[in-house]
Amino acid sequence: GFSGRLADVRNMDISVFSQFARFTHPSKVDGNRLVAYPQISIPIVDPAYLIIPKFGLHATHYALENQAAGVPASQGRVLPTFTLDGSLVFERQPSWLGRDHIQTLEPRLYYVYIPYRNQDRIPVFDSAIADFNFAQLFTENRFSGNDRINAANQITAALTSRMLDNENGQERLRVAIG
């Protein structure tokens, strides 16, 4: 596998994930899988807001053995991805339990678009639906592994509020809903 990232190249972040894997099984489909996933994001950062549009191209190629009759041994898919992540930060300074604090209110919107591709003929070597949790709300693919990429045209809305100690910045409380 190989992963790389170049930050702040002409106000863009460029990253790539790639992986070669060989899968074998005594009674199922064997094969090689090659994944390349380059991405470009353009972070727009300010203390009060963050906007990150990101474009990617998820390419996967399979060279398979022991396929069922009529199923091609060489298969691939290329899926463009687009995400737009935006958040705001509002602050106020209340007193709580006799101490000064900073309370934040942080609304966030996350949009993801991935077009549909039929993946029925591609074997599932190492993919599964990921466990659902708060962080999963802000990921582009609901699957773990690289054999399945979900189709998506959806938006997620969330709201987080934190209570920070004014003296040392330590987080005392966090509440989030999405």
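**Reading the strands**

Mentor: Start with a hairpin: S8 and S9 form one, with 2 residues between them. In its turn, Leu-97 has a positive phi of about 55 degrees. The model is predicted: local features need pLDDT of at least 70, side-chain atom pairs count only at pLDDT 80 or more, and totals for chains, interfaces and linings use all residues. Residues are numbered from 1 along each chain as its sequence is written, and side-chain values use heavy atoms, without hydrogens and water.

Trainee: What counts as a strand, and when do two strands pair?

Mentor: Strands are DSSP runs of E, at least two residues, and helices are runs of H or I, at least four; both are numbered from the N terminus. Two strands pair if DSSP finds at least two bridges between them. Here strand S8 (residues 95-96) and S9 pair in the antiparallel sense over 2 bridges. Ser-95 stands opposite Asp-100 in S9.

Trainee: How many bridges join S7 to S9?

Mentor: Strand S7 (residues 90-92) runs antiparallel to S9, with 3 bridges. Phe-90 has Leu-105 of S9 as its bridge partner.

Trainee: And which residue in S9 stands opposite Asp-85?

Mentor: Tyr-110 does. Strand S6 (residues 74-88) and strand S9 (residues 99-114) are antiparallel, joined by 6 bridges.

Trainee: How many helices and strands does the protein have?

Mentor: It has 0 helices and 13 strands.

Trainee: How do I read the radius of gyration?

Mentor: Take it over C-alpha atoms, and compare it with the globule rule, 2.2 Å times the number of residues to the power 0.38. A compact globule of 178 residues would come near 16 Å, but this protein has 21 Å. Its C-alpha trace spans about 75 × 35 × 30 Å along the principal axes.

Trainee: What share of the residues is buried?

Mentor: Buried means under 20% relative accessible area, exposed over 50%, and partly exposed in between (1.4 Å probe, protein chains only). Buried residues make up 32% of the 178.

Trainee: What share of the contacts joins residues 24 or more positions apart?

Mentor: Contact means heavy atoms within 4.5 Å. Among contacts with a separation of 6 or more, such pairs account for 54%.
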